[in-house]
Amino acid sequence: MPTLLSSRPVSLDPAPRRRRRLRPTLVAAGIGLALLVPAGFQVADWLPDRPFDQNVVDTSTPPLLLALDDLSEYHAATGTFQVVVEREVDTRYVPSVISGESVSFLATGTADAYVDFAGLDTGRVALSPDGTSATIALPAPRLGEVRIDPAGSRVLDRDRGLLERVGDAIGDNPVDDSEMYALAEDRLAAAAAQSDLRERAEANTRDMLTGLARSLGVQQVEVTFDEPADGES
């Protein structure tokens, strides 16, 4: 009889799993990432919040003292005035659309009323023998120059002809509003002259000198003012 070949025993255990070996490059990348992350946080702490902000450097020259003057004027009152100046420039025989200009300018300015103490002699101050009363004679208050406030002044409307606009486009001279400022100063000065600014200056100066004299022991104080000269501002 033929010999039967014994069958090879079959193992019932599952096949052993192969261990996956990590590539050296992946291991190095992981280690490098672990080292760079905390280093990145340290560098971020060293950098400013906005590293690309522009720095502004002021290279202006220091201010120069040109003059020192002693003030002998008592500025007793200040008035604020406002005016709208309208000015038109027409070219003869030419329509305003072609050539001409109309400007409406709002101006805000202030003017002071002051009393000039310079040149006052002793004859203008009379003190009683017992020192309890005094009479002070002062010159009339005067109005100072008008100071236009640039922040409160502006052009409300400007209408220019075609020739003026073309000239502005091809020229290098900006629009000059100096004449508008000059007109506004004249109007504001006239408004200050017609106001009660001088009367307010007289009252404030009288109160100031009365309080000063009483602090020195003078109980009765009379302050008078000269009549303003004709045409005096």
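I began with the order of elements, which from the N terminus on runs α-β-β-β-β-β-β-β-α-α-α-β, and I counted four helices and eight strands in the protein. I took helices (H or I, at least four residues) and strands (E, at least two) as DSSP runs, numbered from the N terminus. I note that this is a predicted model, in which local features need pLDDT of at least 70 and side-chain atom pairs count only at pLDDT 80 or more, while totals for chains, interfaces and linings use all residues. Residues are numbered from 1 along each chain as its sequence is written, and side-chain values use heavy atoms, with hydrogens and water left out.

**Whole chain.** I looked up burial and found that 21% of the 233 residues count as buried, where buried means under 20% relative accessible area, exposed over 50% and partly exposed in between, with a 1.4 Å probe and protein chains only. Of the contacts (heavy atoms within 4.5 Å) with a separation of 6 or more, 80% are accounted for by residues 24 or more positions apart.

**Helix H3.** I checked the span of H3 (residues 178–194): its 17 residues reach 25 Å from the first C-alpha to the last, close to the 24 Å expected at 1.5 Å a residue, the expected span being 1.5 Å times one less than the number of residues. Met 180, Ala 184, Leu 188 and Ala 192 are buried in H3. They lie on the same side of H3, because they cover an arc of only 105° around the axis, the arc being that of the directions from the helix axis to the C-beta atoms. Asp 186 and Gln 194, on the other side of H3, are exposed. I then asked what the buried residues of H3 pack against, and found strands S1 (73–90), S2 (100–116), S5 (142–143) and S6 (147–148) together with helix H4 (197–215).

**Helix H4.** The end C-alpha atoms of H4 are 27 Å apart, which agrees with the 27 Å that its 19 residues should span at 1.5 Å a residue. I listed its buried residues as Leu 197, Arg 198, Ala 201, Thr 205, Leu 209, Thr 210 and Ala 213, and what covers them includes S1, S2, S4, S5, H3 and S8. After H4 comes Gly 217, whose phi is positive, near 100°.

**The open sheet.** I traced three strands that form an open sheet in the order S3-S4-S8, with mixed pairing; two strands pair if DSSP finds at least two bridges between them. S3 (125–127) and S8 (220–225) stand at the edges, each with a single partner strand, so one side of each is left without a neighbour in the sheet. S3 and S4 (residues 133–138) run antiparallel and are joined by three bridges, and the bridge partner of Ala 126 in S4 is Thr 135. H4 packs on the sheet, touching S4 and S8, and its direction makes about 150° with that of S8; axes here are lines fitted to C-alpha atoms, for helices over the stretch in contact, and angles run from 0 to 180 degrees between N-to-C directions.

Glu 101 lies in strand S2 and is buried, with a relative accessible area of 16%. Leaving aside its neighbours within four places in sequence, I found Glu 101 in contact with Arg 87, Glu 88, Val 89, Arg 158, Asp 159 and Arg 160. Asp 90, in strand S1, is by contrast exposed, at 58% relative accessible area.
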